[in-house]
Amino acid sequence: MQGVSTRGRAAARTAAAAVSGLLAGYAALAVAELVSVAVRPEASPVTAVGGAVIDRTPAPLKDWAIRQFGTHDKLVLQLGILAVLALFAMALGVLATRVRRTASLGVLVVGVVGALAATSRPDSTEAWDAIPSLVGALVGAGVLYWLVGRLAAGTHRPERTGEPRMEPEPELEPEPESEPEPKLESQPEPEPEPEPGSAPAPEPPTDTAGRAQHAASAGGPGRRGFLLGAGAVAVVSTGAGALGRGLNAGTAAEAEASRAAVRLPAPASPAPELPRGVDERLPGLTPFTTPNRDFYRVDTALTVPRLDAGRWRLRIHGKGVTTPLTLDFQDLLRRELIERDITMTCVSNEVGGPYVGSARWLGAPMAALLREAGVRPPSQGGPADQLVARSVDGMTIGTPVETVMDGRDAMLAVGMNGEPLPFIHGFPARMLVPGLYGYVSACKWIQDIELTTFDAYDTYWVKRSWARKAPIKTQSRIDTPKPFASVKAGTVTVAGVAWAQHKGIDRVEVRVDGGRWQQATLATEGPRDTWRQWLWEWPARPGTHTLEVRATDRTGYTQTGKRARPIPNGASGWHSVVVTVT
Ligand SMILES: Nc1nc2c(c(=O)[nH]1)N[C@H]1C(S)=C(S)[C@@H](COP(=O)(O)O)O[C@H]1N2
Ligand SMILES: [Mo]
């Protein structure tokens, strides 16, 4: 039975080594979190690596992730990164029992990857962003080296006194990695580290088993020494991490206080009152105005920027700007604000998808601001045809200057449905341009507007093969009945929304099983930049049926049935829903 218990001890030792690796990783992340307080929260490694992964994810995979996980995609990504790190850390821990220094260097290499990710983020302007990852990794490497040293000491260098060792190992066994221990009779020659790709050692490495066996005679003290060390690392790391979290949260709390203190002024130009009939209020039908808590969110930010309105500035500068401007939040609030109902849509929205929402926005008109800065649209001889908005998190969004100045209600929004912008929707200010997809118009957490040309500069998504210009495509969606719903034969109300922002919806038609298109009833028309509800009473007969919808906008254009993926300039095709009638 000796063999079995030896193997049991070897397993326990491997487990302890894996735990050492985990603790080293935990310590590294905790310290990095703490150090990121001094740099910026976005420079903490998981956020940085996550951001770098997002930037490099091919569009189809990104679309897939959004489809699979919806708004949880970022959480899933972070958990995934943590899982990979945990596996890696455990492997390094186990490796460290053989080659302690090499494994500890491995931790440093992971730190360098984190540092590179942090400095390669678009919002990273300073090499400082590397510091949290590097410092964290140094600490992690030290912890691994130390803990595994205690483990080794516990298993094959028992204290003669039988007392647990409380102080760190006497700066431990000098390398080479293979132990220069007085050889125990039972132990084979120290094995050289295998070459990458070399044949596996003919014998399983027995030093672990040998040490474990020896540990049996060593008894508890070594194990206790390791456990004390491990416990200390866990406690100190948790403290450091919590402190880091707390301090980062403190900054966030200031931002929250600044948002709570905002008093939105009354608009100089209030939103036209919505006719009652714009909202049919049918069960299952999307409401005309989307409450803030239900409004879709699409962005690349792993940590939502929480800006202090008091410190916020917006710069307007670039080609053809005769008077560069720098505005603070109060400057913006003091302007003649407009209030408008506007329906926003994401270019990533699939036919029938959820990334569309309508809110009542309050903001400063952009055309007036640009004119004050001396900007003229290209049609009046201005030299800049592209307006590039930059956010504090490094997003760049390019909009045609002509469109921003063509008379539509392009604005720097500060209010959404009667409250300051929620943080996730861009507090303290964001851009909105009715009629354009968000990625070419709706910069959140905006801090800079540069006038330039489309020839001179490609923005974030354009670099990733999305279109430079992207007006929203006329679309319609069936909200009820839901796909694969089962409904009772008789009159079934089919209803949904249709949108063609800045054009307006003229007609919606529905057909069943590829039959004749039939006119749907339109809800009362709202402002031109909003969507429009529609409904159709369907005399439903038993069986499985396919419902399809298409809209015609006020330019006379009828939605094409030709299916297109969202990339490069928005999905097209008719939304269809299969239902069973019983
Ligand atoms: N800073 C920043 N602004 C951004 C984005 C982003 O990733 N970062 N995404 C854009 C996209 S693709 C869309 S569709 C809208 C979504 O705005 P919402 O999240 O408020 O609905 O924001 C736009 N503004
Ligand atoms: Mo989007």
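Asn-292 is situated in the loop that runs between α8 and β1 (313-318); helices are DSSP runs of H or I with at least four residues, strands are runs of E with at least two, and both are numbered from the N terminus. The model is a predicted one, in which local features require pLDDT of at least 70 and side-chain atom pairs count only at pLDDT 80 or more, while totals for chains, interfaces and linings use all residues. Residues are numbered from 1 along each chain as its sequence is written, chains are lettered from A and ligands numbered from 1 in the order in which they are written, and side-chain values use heavy atoms, with hydrogens and water left out.

**Buried polar residues**

Asn-292 counts as buried because its relative accessibility is 12%. In this report, buried means under 20% relative accessible area, exposed means over 50%, and partly exposed lies in between, with a 1.4 Å probe and protein chains only. The side chain of Asn-292 forms a polar contact of 2.8 Å with the side chain of Asn-417. A polar contact is a pair of N or O atoms within 3.5 Å; within protein, one atom must be able to donate a hydrogen and the other to accept it, and residues adjacent in sequence count only if both atoms are side-chain atoms.

Thr-343 belongs to strand β3 and is buried, at 2% relative accessibility. Its side chain is in polar contact with the side chain of Ser-358, at 2.8 Å. Asn-349 is placed in the loop between β3 (338-345) and β4 (356-365), and its relative accessible area of 6% makes it buried. The C-alpha atom of Asn-349 is 6.9 Å from that of Ala-571, although 222 residues separate the two along the chain.

**Ligand 1**

Ligand 1 is surrounded by 20 residues, the closest of which are Tyr-296, Asp-299, His-425, Arg-430 and Lys-444. A residue belongs to this shell if one of its heavy atoms lies within 4 Å of the ligand. By class, the shell contains 11 nonpolar, four polar and five charged residues. Here Ala, Val, Leu, Ile, Met, Phe, Trp, Tyr, Cys and Pro count as nonpolar, Asp, Glu, Lys and Arg as charged, and the others, Gly among them, as polar.

| Residue and atom | Atom of ligand 1 | Distance |
|---|---|---|
| Thr-300, backbone N or O | oxygen | 3.0 Å |
| Ser-391, polar side-chain atom | nitrogen | 3.2 Å |
| Lys-444, polar side-chain atom | oxygen | 2.5 Å |

On its own, ligand 1 has 540 Å² of accessible area, of which the protein covers 98%. Such areas come from the Shrake-Rupley method with a 1.4 Å probe, and for residues only the protein chains shown count as cover.

**The largest pocket**

The largest pocket holds about 1300 Å³ of space. Its lining consists of 44 residues, and those closest to the centre are Arg-40, Pro-41, Glu-42, Asn-248 and Thr-303. Two or more lining residues are given by each of α1 (2-38), α2 (45-56), α4 (73-96) and α8 (220-260). The largest share, 11 residues, is that of α8. The lining is made up of 22 nonpolar, 11 polar and 11 charged residues.

A pocket is found on a 1 Å grid over the protein atoms alone, as an open set of points where a 1.4 Å probe fits, with protein on both sides within 12 Å along at least five of seven lines; lining residues have an atom within 4 Å of a point. Grid points are joined across faces, edges and corners, and the volume is the space filled by probe spheres set on the points.

**Backbone features and prolines**

Most residues other than glycine have a negative phi, and most peptide bonds are trans. The peptide bond between Phe-427 and Pro-428 is cis, with omega near 5°; Pro-428 sits in the loop between β8 (419-420) and β9 (430-432). Ile-567 and Pro-568 are also joined by a cis peptide bond, with omega about 10°, and Pro-568 falls in the loop between β18 (543-553) and β19 (575-581).

Trp-445, in the loop between β9 and β10 (446-452), has a positive phi near 50° without being a glycine. Trp-445 is buried, at 2% relative accessibility. His-502, not a glycine either, has a positive phi of about 70°. This histidine occupies the loop between β13 (490-499) and β14 (505-512) and counts as buried, at 17% relative accessibility.

Pro-377 is located in the loop between α10 (366-372) and β5 (386-391) and is buried, at 5% relative accessibility. Pro-377 and Pro-400 are 23 residues apart in sequence, with a C-alpha to C-alpha distance of 9.0 Å.
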